[in-house]
Amino acid sequence: MGKKQGRKAGNSKNKSTSPPAKERSSLPATDQSWTENDFDEMREEGFSPSNFSELKEELRTHAKKLKILKKMEELMARVINAEKVINEMKEMKTMTPEIRDKCTSFSNRLDQLEERVSAIEDQMNEM
């Protein structure tokens, strides 16, 4: 056996029979070497066909919880916006009497000005 053959044999032992993740989805169904290796790894981590339905149900539960959390975040944002609007309305409510008083004052000044203009017009007519 030559050096090259020895290297090839040694390299094949170290290489995983599992293709990269991107290639897995494109492999034909008849190539099962990668799936067996993956299942071996999954079993080592506690996955088994018997608890697959449990895991599936747990994923569904987590997905539902995530949807609920997202909905809660959306509702909280709406509540915060509503609180801002309410605070602005309260400020406007406190400003309303001030604005009314200023309008009344302006109206009174306008009435006084009209009286003066009328008096000046009367004086001009007399002249």
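Buried denotes a relative accessible area under 20%, exposed one over 50%, and partly exposed the range in between, computed with a 1.4 Å probe on protein chains only. By this scale Arg 60 counts as partly exposed, at 45% relative accessibility.

The structure is a predicted model, in which local features need pLDDT of at least 70 and side-chain atom pairs count only at pLDDT 80 or more, while totals for chains, interfaces and linings use all residues. Residues are numbered from 1 along each chain as its sequence is written, and side-chain values use heavy atoms, with hydrogens and water left out.

**Overall architecture**

The protein contains 4 helices and 0 strands, in the order α-α-α-α from the N terminus. Helices (H or I, at least four residues) and strands (E, at least two) are DSSP runs, numbered from the N terminus. Of the 127 residues, 5% count as buried. The protein exposes about 12,200 Å², of which carbon and sulfur atoms supply 57%; accessible areas come from the Shrake-Rupley method with a 1.4 Å probe, and for residues only the protein chains shown count as cover.

**Confidence**

The pLDDT is the predictor's confidence in each residue, from 0 to 100. Its mean over the protein is 77, and 61% of the residues reach 70 or more. Helix α4 (residues 49–126) has the highest confidence, at a mean of 91, whereas helix α1 (residues 3–14) has the lowest, at 47. Over residues 5–19 the pLDDT is below 50, and this stretch has 11 contacts (heavy atoms within 4.5 Å) beyond near neighbours in sequence. The pLDDT is also below 50 over residues 22–27, a stretch with 6 such contacts in the model.

Side chains of opposite charge can pair when their charged atoms come close. A salt bridge is defined here as a side-chain nitrogen of Lys or Arg within 4 Å of a carboxyl oxygen of Asp or Glu, and by this rule the count comes to 2. Glu 57 and Arg 60 both lie in helix α4, 3 residues apart, about one turn of the helix. Glu 74 and Lys 71 are likewise 3 residues apart in helix α4, about one turn.

| Salt bridge | N to O distance |
|---|---|
| Glu 57 and Arg 60 | 3.8 Å |
| Glu 74 and Lys 71 | 3.9 Å |

Glu 57 counts as partly exposed, at 40% relative accessibility. In the other pair, Glu 74 is partly exposed at 41%, and Lys 71 is partly exposed at 44%.

**Nonpolar patch and annotated region**

Phe 106, Leu 110, Leu 113 and Val 117 form a nonpolar surface patch with about 380 Å² of accessible area together. Patches are made of residues with over 30% relative accessible area and no salt bridge; like charges are joined within 9 Å, and nonpolar side chains (Val, Leu, Ile, Met, Phe, Trp, Tyr) within 5 Å. Phe 106 lies in helix α4 and is exposed, with a relative accessible area of 56%.

An unreviewed UniProt entry annotates residues 109–127 as "domain: L1 transposable element trimerization". UniProt positions are given in the numbering used here, feature names are shortened, and annotations may be inferred rather than shown by experiment. Over residues 109–127 the chain is 95% helix and 0% strand, with the end C-alpha atoms 27 Å apart.
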